[in-house]
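User: Hi! Could you walk me through the ring contacts in this one?
Analyst: Happy to, let's bring it up.

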Amino acid sequence: MNTRTLGILAVIIFYLIMMVTIGIIYSKKNNDVNDFYLGGRKLGPLVTAMSAEASDMSSWLLMGLPGVAYLSGVADAGWTAIGLGIGTYLNWLFVAKRLRRYSHKANNSITIPEFFSNRYRDTSHIISAIAAIIIVIFFVPYTASGFAACGKLFGTLFNAPYLPMMILSAVIIVAYTALGGFLAASTTDLIQSIVMTIALIIVVIFGVSLAGGPDVVLENAKSLSGYLSMTKMHDVTTGQSSPYGFLTIISTLAWGLGYFGMPHILLRFMGIEDENKLKLSRRIATVWVTISMFVAIGIGIIGYSVSQAGHIDVFTDSSQSETLIIKIAILLSKHGVLAVILAGLIMAGILACTMSTSDSQLLAASSSVSQNLLHDVFKINLSQKASMVVARLTVVVIALVGVFIARDPNSSVFNIVSFAWAGFGASFGPVMLFSLFWKRSNKYGALAGMLVGGVMVFVWKYLLRPLGGVWDIYELLPAFILASIAIVVVSLLTPPPSKEIVEEFESV
């Protein structure tokens, strides 16, 4: 291991120690599971905004999105970013304040499954159980993709075996999450969003310099068929472009629908201390996420010119292109002591993306098992101390399953995130919107929407989409539409909600 690598490692270790220290500090502030899972609803507007978006972006921001832009140009990545930007804004505008108020009114619900159950007075807790199972199904592989990204990072940087590096990353993430819970995750997310921003800026500046300047980057991109077009998609293997049609654009924009069903983002809305500060949070979040995504796309375009200049290999598939930022950081580290520190910050930024999402996902999945399944469904009543122990053990067990799934380093971060995003968006998004804005919806409609949305994601992804043609659209869009129809139809065909439920809805 050379001096440069040791310097980068030192920066990363310092960063990781800081994250674990925050976990230890906040572990003393968790008096009960309400604190552990929702921080006692004490988040400020800045932490709420940045933790929501940092937990949203994951390693997809610094690895997946630049990798897609590198291989296929701006169309696929660009329309995805536009859809996500619109979805971010609308989620903050319509859902945030109402969910904060309603979740508190509905028996102080501290998890998404618990909110659905309390909102519809589902005393059987079937809704809570199904929601908890859906969270585990989609979050475990999502978390595994984060562990895998960290394993790739350390394996590439230190030329070390993937598996032990991935396990080490998982241990760090689990340590501060299991110790500090929601407050630790949210506070570290704020710090991680800052580190991610610094990493993006450094990579853009250095990447343009390596490529030979902005003019060279632009000329190289223009020379590729359809690379800079929003209506064509470049194919790096053939050098040709194919139409990026209207149906594909609508399908890609549908990424924005996913926000309405993301438990780890919605929990941030529920956790803010003052609902009147959500307008400030919305502005901060929307500006940051929009700028960050388009800078990440720019890095993919810059990366192509860096490879054309001979500084890095030419990538031909997503598993390679997703290491673009790592390769650029390693090149940067060769330019002196300050450059080593900056390269370390870039590596820490990749860790930040991954950790900020993995910690939130672990908490959401943990709360689903320990709070919604054990306590609500199976009626296992534990003391506050025992509940905290179970909550932390659940984080560890779920992480172990994630580590097992992540043992294969060849999967694409973008593809895994895409599927999990569709799963949550279709299962929870329609139910969340109808529960907040349609008082005639009932528990039967909510359950039907949840099941139809979740099942259709699998059906469309693995049975219909492979048929191609009009079927080849992102599974989130058809699943979201069918789930919404199921909620309306089943709610209208079954008894209306009770007077108590209607009065609570109207009071909110």
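**Aromatic contacts and a surface patch**

Analyst: Before we start, this is a predicted model. Let's begin with one tryptophan: Trp460 is buried, at 9% relative accessible area.

User: Thanks! How many aromatic pairs does the structure hold?
Analyst: There are 20 aromatic pairs. One of them joins Trp460 and Trp471 in a tilted arrangement, with 5.5 Å centre to centre and 50 degrees between the planes. Trp460 belongs to helix 17 (residues 443-464) and Trp471 to the loop between helix 17 and helix 18 (476-493), so this pair ties together parts eleven residues apart in sequence.

User: And is Trp471 buried or partly exposed?
Analyst: Trp471 is partly exposed, with 37% relative accessibility.

User: Which residues do ring pairs link into a cluster?
Analyst: Tyr102, Phe115, Phe116, Phe138, Phe419, Phe424, Phe428, Phe458, Tyr462 and Phe505.

User: Nice. Switching to charges: which ring face does Arg98 lie over?
Analyst: That of Phe505, with 5.3 Å to the ring centre. Likewise, Arg119 lies over the face of Tyr120, at 4.4 Å from the ring centre.

User: Now the surface. Which residues make the nonpolar patch?
Analyst: Ile133, Ile137, Phe458, Tyr462 and Leu463 make a nonpolar surface patch of about 500 Å².

User: Which helix gives the most to it?
Analyst: Helix 17, with three residues. Helix 6 (126-158) and helix 17 each supply at least two.

User: Where is the place of Phe458, then?
Analyst: Phe458 sits in helix 17. Phe458 is partly exposed, at 35% relative accessible area; a patch takes residues with over 30%, so Phe458 passes that cut-off.

Definitions and conventions
Residues numbered from 1 in each chain as written. Predicted model: local features only at pLDDT ≥ 70, side-chain atom pairs only at ≥ 80, totals over all residues. Heavy atoms only, no water. Phe/Tyr/Trp six-rings, centres within 6.5 Å; stacked < 30°, edge-to-face > 60°. Helix = DSSP H or I, 4+ residues; strand = E, 2+ residues; numbered from the N terminus. Buried < 20%, exposed > 50% of the residue type's maximum accessible area, 1.4 Å probe, protein only. Lys NZ or Arg CZ within 6 Å of the ring centre and 35° of its normal. Patch = residues over 30% accessible without salt bridge, like charges linked within 9 Å, V, L, I, M, F, W, Y side chains within 5 Å. Areas by Shrake-Rupley, 256 points an atom, 1.4 Å probe, with all protein chains shown as cover. Salt bridge = Lys/Arg side-chain N within 4 Å of Asp/Glu carboxyl O.
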